[in-house]
Amino acid sequence: MEKLAIHGGNPIRTQPFPQWPVWGKEEEALLQEVVHSGKWGGSGRIRTPGGRSKLELLEARFAALQQARYAISTVNGTLAITVALKAAGVQAGDEVIMPAYTFIATASAALLFGAIPVFADVEEETLQIDPEQVEALITPRTKAILPVHLGGAAADMTRLKAIAAKHQLRLIEDAAQAVGTCWEGTGVGAIGDLGTFSFQSGKNLTAGEGGMILTDDEELADLAWSYANVGRVRQGAWYQHERIGWNLRMTEWQAAVLLAQMDRLKEQLATREQNAQLLNRLLGKIPGVKLVKSDPRVTRHARHLYLFRISATRAKKEELLQAVQAEGIPLSPGYVTLNCHREVLRSIRDWTGKERTDACPVAERMAEREAFWLGQAALLADEEAMLDIARAVEKVLAYYGTNEGDDT
Ligand SMILES: *Cc1c(COP(=O)(O)O)cnc(C)c1O
């Protein structure tokens with residue numbers, strides 16, 4: 001048996017994986033245009049001579065990408081969720097049902113103003129929020145359902161939309177990882193009442209930071225715009241504040257970078273899709289590995305994360321992780337689950353005065369034992385890199401498998 005790199009053997013891969021972000025002359029040229037335009041921020045009504053601002057162009061282009069009617073740019077993806085919840089009428093004390101297995105910002109965006117996260121478990125096969133769990137958690141205090149399109153696949157929007165309609169709840173999509181994702185041919189983000197995206201450094205489109213809110217509803221679009229523009233109204237006077245809002249605007253710099261990034265999106269989506277398919281074939285053959293399924297109704301997968309499970313080994317998750325990383329593979333252990341997160345639970349207690357416990361056994365097992373992922377930048381590498389990923393996982397599992405977890 002080959003000696004593991006973590007035990008002093010030769011690593012499978014010594015070549016680096018691609019750097020992220022990918023950028024070039026296009027970003028530089030558009031940023032220069034912003035310098036010379038003299039319009040750097042997202043406020044005011046000054047138009048660049050002869051053209052729309054970069055933010056207006058970006059909003060129009062992003063809305064078209066996801067087939068939404070309205071787009072409102074924001075400072076980041078977290079506050080995009082907060083604004084979407086506020087626009088949807090969610091108030092302090094209202095319950096918002098969301099998956100336990102997600103980034104903490106899904107919950108903290110609600111907790112920021114006292115909306116209470118209620119955690120639904122995820123489906124074992126897809127790791128997306130389980131709609132049946134969602135329905136079981138609805139109470140008279142429930143105001144909204146907040147599914148996350150984990151990894152760039154999609155939650156079951158058909159079922160969630162039906163549940164939201166039946167119980168008269170708002171449906172808001174956390175699509176931070178789902179730039180380009182389609183559910184049954186329709187772009188995610190405006191399938192529910194509102195949807196939000198992130199352009200943070202690690203995301204599939206990035207300007208360092210940034211966010212976007214999509215909706216097909218004009219009234220919700222105006223409300224979201226108002227909350228992100230200190231309570232102003234679109235056609236109102238400068239010091240006319242119709243509600244308490246905040247300055248959550250994106251800048252022209254970010255819009256310029258994102259416009260350039262959008263030109264590369266199609267090609268990058270295709271590369272990641274091809275590599276994900278190859279990984280499915282390679283990893284699917286390794287004993288102990290379970291692929292994470294994507295619902296056939298996900299007609300385009302953004303491949304933000306390549307998630308997979310390792311379940312048939314007695315080694316600890318941390319041991320497997322470190323062993324694969326030592327082979328030169330940028331493997332991640334994935335999220336901690338939010339239904340067990342001390343600070344999330346503390347914040348819920350602070351707002352409600354009560355302890356809250358949601359049991360999410362699948363999410364807990366994924367976080368503690370089974371789930372791993374590769375980030376989207378790794379999926380932009382070449383075919384040889386995918387072969388190395390599979391070789392490394394196979395090598396590590398061969399070792400721990402034959403030693404039955406007794407690896408001295
Ligand atoms: C990245 C992310 C966010 C937060 O976006 P930021 O732009 O970092 O604030 C929210 N939800 C999910 C699922 C994310 O991946």
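# Reading the features of this model

Me: Where at 27% relative accessibility does arginine 365 count: as buried, exposed or partly exposed?
Reply: At 27%, arginine 365 counts as partly exposed. Before going further, keep in mind that this is a predicted model, in which local features need pLDDT of at least 70 and side-chain atom pairs count only at pLDDT 80 or more, whereas totals for chains, interfaces and linings use all residues. Residues are numbered from 1 along each chain as its sequence is written, and side-chain values use heavy atoms, with hydrogens and water left out.

Me: With which residue does glutamate 370 form a salt bridge?
Reply: A salt bridge is called when a side-chain nitrogen of Lys or Arg lies within 4 Å of a carboxyl oxygen of Asp or Glu. Glutamate 370 forms one with arginine 365, and their closest N and O atoms are 3.0 Å apart. Glutamate 370 is buried, its relative accessible area being 7%, whereas arginine 365 is partly exposed.

Me: How many salt bridges does a search of the whole structure find?
Reply: The search finds 27. One of the pairs is arginine 264 with glutamate 26, whose side chains meet at 3.0 Å, N to O. This pair links distant parts of the chain, since arginine 264 is in helix H8 (residues 252-283) and glutamate 26 in helix H1 (residues 25-37), 238 residues apart. Arginine 264 is buried, with a relative accessible area of 17%, while glutamate 26, at 41%, is partly exposed. There is also a network of salt bridges, in which Arg13, Glu384, Asp388 and Arg391 are linked.

Me: In what order do the 3 strands of the open sheet stand?
Reply: Helices (H or I, at least four residues) and strands (E, at least two) are DSSP runs numbered from the N terminus, and two strands pair if DSSP finds at least two bridges between them. Here the order is E7-E6-E11, with antiparallel pairing. Strand E7 (186-187) and strand E11 (298-300) are the edge strands, each pairing on one side only. Strand E6 (residues 182-183) pairs with E11 over 2 bridges in the antiparallel sense, and the bridge partner of tryptophan 183 in E11 is valine 298.

Me: Where does aspartate 193 lie, and where arginine 170?
Reply: The side chains of aspartate 193 and arginine 170 meet in a salt bridge at 3.4 Å, N to O. Aspartate 193 is in the loop between E7 and strand E8 (194-198), and arginine 170 is in strand E5 (residues 170-174), so the pair ties together parts 23 residues apart in sequence. Aspartate 193 is partly exposed at 23% relative accessibility, and arginine 170 is partly exposed at 27%.

Me: Which domains does the domain assignment of the protein give?
Reply: Domain bounds come from an automatic or database domain assignment. For this protein, the assignment gives domain 1 (25-261) and domain 2 (265-400), with C-alpha centres that lie 25 Å apart. Contact means heavy atoms within 4.5 Å, and by that rule 46 residues of domain 1 are in contact with 45 residues of domain 2.

Me: What area do domain 1 and domain 2 bury between them?
Reply: Buried area is the accessible area (1.4 Å probe) that two parts lose on being put together, summed over both. Domain 1 and domain 2 bury about 3800 Å² between them, and 60% of it is on carbon and sulfur atoms. Of the area that domain 1 buries against domain 2, Tyr101, Phe119 and Asn204 supply 19%, more than any other three residues.

Me: How many salt bridges does the rule find across the interface of domain 1 and domain 2?
Reply: The rule finds 5 salt bridges across this interface.

Me: Where is the place of histidine 304?
Reply: Histidine 304 sits in the loop between E11 and strand E12 (305-310), and at 7% relative accessibility histidine 304 counts as buried. Leaving aside its neighbours within four places in sequence, histidine 304 is in contact with residues including Gly151, Gly152, Asn204 and Leu374.

Methods
Buried < 20%, exposed > 50% of the residue type's maximum accessible area, 1.4 Å probe, protein only.
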